[in-house]
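The sequence and structure are shown below.

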Amino acid sequence: MSGEKVRMTRMKMMEMRMRKRRRRKGRRMRRKMKKITDSVVGATQTQLPDEQPARSRKEAIKVVLVCRKPEKGIQYLIEKGFVSDTPVGIARFILERKGLSRQMIGEFLGSRQQFNKDVLDCVLDEMDFSGMDLDEALRKFQAQIKVQGEAQRVERLVEAFSQRYCVCNPVLIRQFQNPDTIFILAFAIILLNTDMYSPNVKPERKMKLEDFIKNLRGVDNGQDIPRDLLVAIYGRIQKWELRTNDDHVSQVQAVERMVVGKKPVRSSEIRT
């Protein structure tokens, strides 16, 4: 057998071994993804109303988890009688039901529709921020609701959060000249967190402490926010990222990326 034939035979054998390895890994990933998906449906099914056992619960949950328009998913559940059509009923569903996408929740609650705003207020009424630093309260809020997307949506979410924070901390708010300063500072913390942890921002261009302080100069009715307060906030954000808790949907998507993201290796890319 000539040297060229030997080389081609080795390359084919290597490619066959790699294909088998990829298939085994793919099967493992699919089993893992199925396990996670089943846990989503199973966990949610067990918590749906007992008086409707004959309904297609799996289909309803799928709509909520997969639908790109959260409003349509919620409306579907209302029409099928799975949830109440009141802001309080929807708020309880969002807070208590396992398996919901936190990104979907953020999109729904950040909508400009008045009903969605009422649901957001009901969700926040269930959260107690008493005695918490502003960034820690934001951390608690964002753990449940993903605050991202278009600027207006983020603004609506942060504004509602700020109002709730003021209600929970009336004494603390008195150190500021204007209660609206809480909203400005909360929004600045969100921007700082995004800037600090975004992979698209180069390390040398990330916001420094002095930049953070400078950006907030004079925002409290012409007065500066106490420097020690801003230094403490910057330090905590630098140490701990504001992150949304993982949910079943994000876990499934992560597994899908692991499976689909692997490109097949061609024989031309194999070196001997």
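## Helix packing and cysteines

In this predicted model, the axes of helix H7 (residues 134–144) and helix H12 (residues 227–239) come within 9 Å and cross at roughly 35°. Helix H7 contributes Asp135, Glu136 and Arg139 to the contact, and helix H12 contributes Ile233, Arg236 and Ile237. Sorted by class, the residues of this contact are two nonpolar, four charged and no polar.

The length of H12 agrees with expectation: at 1.5 Å a residue, its 13 residues should span 18 Å, and its end C-alpha atoms are 18 Å apart. The buried residues of H12 are Leu230, Ile233, Tyr234, Arg236 and Ile237. Viewed down the helix axis, the buried residues of H12 fall within an arc of 165°, so they line one face of the helix. Asp228 and Lys239, on the other side of H12, are exposed. The cover over the buried residues of H12 includes H7, helix H10 (180–197) and helix H11 (209–215).

Turning to the cysteines, the count of disulfides is zero.

| Residue | Relative accessible area | State |
|---|---|---|
| Cys122 | 17% | buried |
| Cys168 | 13% | buried |

Both entries count as buried because their values are under the cut-off of 20% relative accessible area.

Conventions:
Residues are numbered from 1 along each chain as its sequence is written. This is a predicted model: local features need pLDDT of at least 70, side-chain atom pairs count only at pLDDT 80 or more; totals for chains, interfaces and linings use all residues. Side-chain values use heavy atoms; hydrogens and water are left out. Axes are lines fitted to C-alpha atoms, for helices over the stretch in contact, and angles run from 0 to 180 degrees between N-to-C directions. Helices (H or I, at least four residues) and strands (E, at least two) are DSSP runs, numbered from the N terminus. Contact means heavy atoms within 4.5 Å. Ala, Val, Leu, Ile, Met, Phe, Trp, Tyr, Cys and Pro count as nonpolar, Asp, Glu, Lys and Arg as charged, and the others, Gly among them, as polar. The expected span of a helix is 1.5 Å times one less than its number of residues. Buried means under 20% relative accessible area, exposed over 50%, partly exposed in between (1.4 Å probe, protein chains only). The arc is that of the directions from the helix axis to the C-beta atoms. A disulfide is a pair of cysteine sulfur atoms within 2.5 Å.
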